[in-house]
Amino acid sequence: MSIPDILALDFDGVCCDGLREYFEASRRAYGRAWPREPVPGEDGFPAFSALRPVILSGWEMPVLLRAIAAGRSHAEILGGWEGVRDEITAAGPLPAGELISRLGHALDEVRCEWIAADRESWLALHVPYCTIAKLSRLVAEPRRTVLVTTKEGEFARLILDHWGVRLADVQGKETGAHKCENLRALIAEYTAARGRRPRLWFVEDRLETLAHVTTHADLEDVGLFLAAWGYNRPETRAALRADGRVRLLELDQFRRGLTAWL
């Protein structure tokens with residue numbers, strides 16, 4: 001594999017550790033979804049942190065807090081999160097579909113309100129996994145480095161601007177596209193502009209997302225890397241070692257730059 005023309009990076013769990021912010025935003029959203037219930041306290045953070053890898057979509061984070069508050073065991077949540085999640089959302093107080101929508105909107109609302117009231121405290125809870133200097137050097141190595149994230153693009157841009165890190169583009173949740181579609185669009189744009197297909201690498205901390213990319217023949221030349229430091233479990237990383245398509249990327253390699261990934 002040669003150094004890529006385009007580097008596509010996930011944000012949360014790859015560039016940014018935002019666990020403290022997720023926890024606090026989830027607590028605030030929890031109060032809007034279950035207004036008659038006490039909001040979980042700060043003592044729930046260790047469990048939330050340990051169980052964060054089960055989360056597939058942002059709206060699930062307050063549901064995870066509710067599972068923890070209800071005394072659901074770590075083993076139960078890790079082994080059957082979808083069932084636990086669906087049981088909790090089915091219990092109300094709104095019909096499941098409405099509750100899920102409310103949770104998603106509530107998370108965006110509390111973040112917007114938090115940023116408007118105290119932007120600095122919100123920004124302070126987002127910590128880069130690299131020094132800013134190393135991250136800036138890394139994203140400058142390819143022709144283009146693009147953020148491909150399920151986070152709202154405006155939130156990611158605020159954090160990157162605060163860090164002083166410049167990327168070619170930020171493709172956030174508002175694009176409404178699966179990450180495979182983001183990758184296809186990057187390839188098509190580059191091919192149209194330069195007359196050849198680009199070398200593209202994609203770094204993500206969810207193996208499910210990377211595995212989905214491998215099912216598409218038109219993306220078979222995309223280099224795929226699982227961020228070992230991200231929101232995934234040791235069992236996931238161990239199982240990956242036998243898979244030649246998706247490479248396990250350690251944080252030290254990430255920090256040292258693209259030539260260290262080969």
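Let's start inside, at Val203. One caution before I go on. This is a predicted model.

Where does Val203 belong? Val203 is part of the largest nonpolar core, which has 64 residues. Val203 is among those with the most contacts inside that core, along with Leu9, Phe11, Trp81, Phe254 and Trp261. Which helix gives the most to this core? That is H5, residues 96-124, with nine residues. There is also a second, separate core. That one has 21 residues, including Ile6, Ile187, Phe202 and Val222. As background, nonpolar side chains tend to be buried together in soluble globular proteins.

Now the whole chain. The protein chain has 11 helices and eight strands. The C-alpha atoms fill a box of roughly 60 × 40 × 30 Å along the principal axes. The radius of gyration is 19 Å. A compact globule of 262 residues would come out near 18 Å, so the chain agrees with that. Buried residues make up 49% of the 262. And take the contacts with a separation of 6 or more: 64% of them come from residues 24 or more positions apart.

On to H3, residues 60-69. Is H3 enclosed or open to the outside? Seven of its 10 residues are buried, so H3 is largely enclosed by the rest of the structure. The buried ones are Glu60, Met61, Pro62, Val63, Leu64, Leu65 and Ala67. Note that a glutamate, Glu60, is on that list. What do these buried residues pack against? Four helices: H1, H2, H4 and H5. H1 covers 19-33, and H2 covers 45-51.

Two packed helices are described by the angle between their axes and the distance between the axes.

Take H1 with H3. Their axes come within 8 Å and cross at roughly 80°. Angles of 65 to 115 degrees count as roughly perpendicular, and H1 and H3 are therefore roughly perpendicular to each other. From H1 come Tyr22, Phe23, Ser26, Arg27, Ala29 and Tyr30. They meet Met61, Pro62, Leu65, Arg66 and Ala69 of H3. By class, this contact has eight nonpolar, one polar and two charged residues.

Next, H3 with H4, residues 74-90. Here the angle is about 100°, and the axes are 10 Å apart. H3 and H4 are therefore roughly perpendicular to each other as well. On the H3 side we have Glu60, Val63, Leu64, Arg66 and Ala67. On the H4 side we have Ile77, Trp81, Val84, Arg85, Ile88 and Thr89. The class count is seven nonpolar, one polar and three charged residues. Arg66 turns up in the contact with H1 and in the contact with H4. Trp81, meanwhile, is one of the residues with the most contacts inside the largest core.

Gly71 follows H3, and its phi is positive, near 85°. Then, in the loop between H4 and H5, we find Pro93. A cis peptide bond joins Gly92 to Pro93, with omega about 20°. For context, most residues other than glycine have a negative phi, and most peptide bonds are trans.

Are they buried or exposed?

Leu210 first. Leu210 lies in helix H9, residues 207-213. Its relative accessible area is 0%, so Leu210 is buried. Beyond four places in sequence, Leu210 touches Phe202, Glu204, Leu224, Phe225, Leu226 and Val246. Phe202 is in the second core.

Then Trp229. This one is in the loop between strand S7 and helix H10. At 13% relative accessibility, Trp229 counts as buried. Leaving out residues up to four places away, Trp229 touches Gly13, Val14, Tyr129, Leu249, Glu250, Leu251 and Phe254.

Finally, Glu152. Glu152 is in the loop between strand S4 and helix H7. Its relative accessibility is 17%; the limit for buried is under 20%, so Glu152 counts as buried. Again leaving out residues up to four places away, Glu152 touches Asp108, Lys173 and Glu174. That's the tour.

Terms used
Residues numbered from 1 in each chain as written. Predicted model: local features only at pLDDT ≥ 70, side-chain atom pairs only at ≥ 80, totals over all residues. Heavy atoms only, no water. Core = buried A, V, L, I, M, F, W, Y, C linked by side-chain atoms within 4.5 Å. Buried < 20%, exposed > 50% of the residue type's maximum accessible area, 1.4 Å probe, protein only. Helix = DSSP H or I, 4+ residues; strand = E, 2+ residues; numbered from the N terminus. Axes fitted to C-alpha atoms, helices over the stretch in contact; angles between N-to-C directions. Parallel < 35°, antiparallel > 145°, perpendicular 65-115°, else oblique. Contact = heavy atoms within 4.5 Å. Nonpolar A, V, L, I, M, F, W, Y, C, P; charged D, E, K, R; others polar. Rg over C-alpha atoms; globule rule 2.2 N^0.38 Å.
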